[in-house]
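I opened my notebook to look up a few things in a structure I had not seen before.

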Amino acid sequence: MRIFSGIQPTGQKHVGNYVGAIRQYVEGQDRGEAIYCIVDLHAITVPYDPADLRANVYDTTAVLLAAGLDPERCTLFRQSDVKEHTELCWLLSAVTAHGDLNRMNQFKEKSARQRELVSAGLFLYPLLQAADVLAYRADEVPVGDDQRQHVELMRDIAERFNERFGETLVVPRHRIPEVGGRVMDLQSPETKMSTTLGSEQGTLYIGDPDEAMTAKVMRAVTDSGSDVTRGPGKAGISNLIEVMAVLRDITPEDVEREFADARYGDFKKAVAATVTERLGPIRARYRELQGDRDALEDVLAAGARKAQGIAAGTLADVREKMGVGPPG
């Protein structure tokens, strides 16, 4: 089985990234052929600073390696280093309906927030995302719950291509964790935890020191009740329960039973202790790696060579089926 997923190099990585995606990446190394991409081309579809983008690519690479990705057991590369992604995006545009892209929730949300340019790149974002996955004929795409619609689109695109040109592309399936697929902002538990859109105090950055993480958890918004249980009107406490469950590899029901008699304050202390304990080794390793850009660049370059070797074969088949370029 081949696994593919991409991660944006935007800002610092946080607990939501780790719980919803990065842990799945690490586990994927034991389940199949794992290919992971730092999607810098996606990052330029909204306003950005070029120097920050380059720095964030290295920072994201360091976080992924610190969390457990092993270049000997997976392929890790920078999207823009493999030209097949952009070529396949254009070729797939011939079998993608404008209306399908126009219905994408992410485009609606991001374009509504743009005060200046709403780029064509932002509109085509899901199409490039489809090309990212389909170029590798991936069977599985580990993603957070917010990307469900995008995986459905890439499935539709692959099926439409195969119907028109013959069986060529693999129709992928998503892998969304049952618990922790959408970690929420600690200060606004109705909103997804996010580097770019969330609140500073509501976002647990992997690089935060223990004291900062603990303070953020202790100030997390919950509700007027006192029971450590999930349910209607309990978005804040439900979020903390799920984070603890994932980090301790137990179920939310286990957490509820363990803290059935606890007050919110005591439960928050336990959550903070779990977060700092589990992320401490990752943070320490990240600090060792982040300063050596030459070593990080070597990892990305080697990964790009491996990735291109796979993607080039897919592109050759797609071009042949579509009648593009000289005959094979």
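My entries on these topics follow, and I kept in mind throughout that this is a predicted model.

**Entry 1: helix 3 and helix 12**

I began with helix 3, residues 50–67, and helix 12, residues 264–289. At what angle do helix 3 and helix 12 pack? I found about 135 degrees, and their axes lie 8 Å apart. That angle makes helix 3 oblique to helix 12. I also noted the handedness: helix 3 passes helix 12 in a right-handed crossing.

Next I looked up who touches whom. From helix 3 I listed Asp59, Ala62, Val63, Leu65, Ala66 and Ala67. Their partners in helix 12 are Ile282, Arg285, Tyr286 and Leu289. Sorted by class, this contact of helix 3 with helix 12 has 8 nonpolar residues, 2 charged ones and no polar ones.

**Entry 2: helix 1 and helix 3**

Then I turned to helix 1, residues 15–28, which also packs with helix 3. Here I wrote down an angle of about 65 degrees and axes 9 Å apart. Helix 1 passes helix 3 in a right-handed crossing. On the helix 1 side, Tyr18, Ile22, Tyr25 and Val26 make the contact. Helix 3 brings Val63, Leu64 and Ala67 to it. I sorted the contact of helix 1 with helix 3 as well and got 7 nonpolar residues, with no polar and no charged ones.

Looking back over both lists, I saw Val63 and Ala67 in the contact with helix 12 and again in the contact with helix 1.

**Entry 3: Arg23**

While on helix 1, I stopped at Arg23, which sits in that helix. Is Arg23 buried or exposed? Its relative accessible area is 15%, under the 20% cut-off, so Arg23 is buried. Leaving out residues up to four places away in sequence, I found Arg23 touching Tyr18, Val246 and Asp249. Tyr18 was already in my notes, from the contact of helix 1 with helix 3.

**Entry 4: the cysteines**

How many disulfides does the count come to? I got 0. A disulfide is a covalent bond between the sulfur atoms of two cysteines, so I checked how far apart the sulfurs are. For Cys74 the closest cysteine sulfur is in Cys37, 12 Å away, which is too far for a bond. For Cys89 the closest one is also in Cys37, at 13 Å, again too far for a bond.

I looked up burial for these two as well. Cys74 has a relative accessible area of 3% and is buried. Cys89, at 12% relative accessibility, counts as buried too.

Conventions: Residues numbered from 1 in each chain as written. Predicted model: local features only at pLDDT ≥ 70, side-chain atom pairs only at ≥ 80, totals over all residues. Heavy atoms only, no water. Axes fitted to C-alpha atoms, helices over the stretch in contact; angles between N-to-C directions. Helix = DSSP H or I, 4+ residues; strand = E, 2+ residues; numbered from the N terminus. Parallel < 35°, antiparallel > 145°, perpendicular 65-115°, else oblique. Left-handed = near helix turned anticlockwise from the far one by under 90°. Contact = heavy atoms within 4.5 Å. Nonpolar A, V, L, I, M, F, W, Y, C, P; charged D, E, K, R; others polar. Disulfide = S-S within 2.5 Å. Buried < 20%, exposed > 50% of the residue type's maximum accessible area, 1.4 Å probe, protein only.
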